[in-house]
Amino acid sequence: MHETIEQTLISPRYLASGGDPAWVTVPLHRACGWSYGHDPLMPRVILTSPDQQATLRIDPDPDEPWWTIRHARTGNQPAWKATFDARTPVEIIAAFTDALTDPRALDAAPPPTAPLRQAGWRDVPRQSGLISPDGVVRVDYVTDHGLDHWFITVTAGHTPSDELWGACLDGTTPPHLIAALARALTDGTPVIRDPNRLPGLGVRRQHVPVETVAFALEQRVAGLCARRRNTASNTPAAEPPRPPKPRRTR
């Protein structure tokens, strides 16, 4: 008989509050090859992609978003930045970083808001935004003075103090990454949290196998490592250089 432990299962996942940042940082380092710097005097984490084009920064500043992901300009893709508040569920941020590190994510990517409309989200009257069926989440695309941004706002009430968390993404953020966030917002799979840190919404307690909790991160890393190997094995090898043609002599 499997040993079980009481855990808190929360659905929808946008109500789950923050969670363990290792759900994002450990797979980026161990499965995707992102390097990290360490300064014992500063309470922050900085990870850098193997190509040095992208960085993830976690900075516990009470007046600023804790999570910042930046990507440099590459080819025809402008530079972009995405920020997430401290209480953004790590599973939602992980959906974004998983798509960022998956070269296949560009293939047949849906329009950014397609997953929201398929899940029954409705238009915000007289504004370019969508709102979840329960009225808790809004996703807005805002243009101001020539700058475009995506805003995600999760609110448990009707005043600014009721906001649970928010995110802001440059309008230049690749559409397939916005679509990955949209899918994460509509994902009905419950997420697990510490029963002693209940966010107060969408909560139910359940006994789950101990290994489900103990090995969840290891299984996530293993899955992303397998994705990386499969991608590498399916990449056509470069053709060897052809020998030069012999020169004709008269």
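Predicted model: local features only at pLDDT ≥ 70, side-chain atom pairs only at ≥ 80, totals over all residues.
S11 is partly exposed, with a relative accessible area of 29%. Partly exposed covers the range between buried, under 20% relative accessible area, and exposed, over 50%, using a 1.4 Å probe and protein chains only. S11 sits in the loop between β1 (4-10) and α1 (22-30). Helices (H or I, at least four residues) and strands (E, at least two) are DSSP runs, numbered from the N terminus.

Residues are numbered from 1 along each chain as its sequence is written, and side-chain values use heavy atoms, with hydrogens and water left out.

Now the overall picture. The protein has six helices and 13 strands. Of its 250 residues, 34% count as buried. Contact means heavy atoms within 4.5 Å. Among contacts between residues at least 6 apart in sequence, 55% join residues at least 24 apart.

Next, the core. A nonpolar core is a set of buried Ala, Val, Leu, Ile, Met, Phe, Trp, Tyr and Cys residues joined through side-chain atoms within 4.5 Å. The largest one holds 47 residues. Y14, L56, F84, F96, I152, L169 and L185 touch the most other members. Helix α4 (residues 175-186) gives the most to this core, with seven residues. What does L56 contact, leaving aside neighbours within four places in sequence? Its partners are V24, T25, L28, W34, V45, I46, L47, W67, T68, I69 and T97.

F96 also belongs to the aromatic pairs. A search of the whole structure finds three of these. Rings of Phe, Tyr and Trp (its six-membered ring) pair if their centres lie within 6.5 Å; planes under 30 degrees apart count as stacked, over 60 as edge-to-face and the rest as tilted. W80 and F96 form an edge-to-face pair, 5.8 Å centre to centre with 85° between the planes. W80 lies in strand β6 (residues 80-84) and F96 in helix α2 (residues 90-100), so the pair ties together parts that are 16 residues apart in sequence. Both W80 and F96 are buried. The rings of F84 and F96 have centres 5.8 Å apart and planes at 65°, so this pair is edge-to-face too. Here F84 in strand β6 is linked to F96 in helix α2, twelve residues apart. F84 is buried, as is F96.

Two packed helices are described by the angle between their axes and the distance between the axes. For α2 and α4 the angle is about 145° and the axes are 8 Å apart. Axes are lines fitted to C-alpha atoms, for helices over the stretch in contact, and angles run from 0 to 180 degrees between N-to-C directions. I92, A95, F96, A99 and L100 in α2 meet H176, L177, A180, L181, A184 and L185 in α4. These residues divide into ten nonpolar, one polar and no charged. Ala, Val, Leu, Ile, Met, Phe, Trp, Tyr, Cys and Pro count as nonpolar, Asp, Glu, Lys and Arg as charged, and the others, Gly among them, as polar.

Finally, T155. It is placed in strand β10 (residues 147-155). T155 is buried, with a relative accessible area of 18%.
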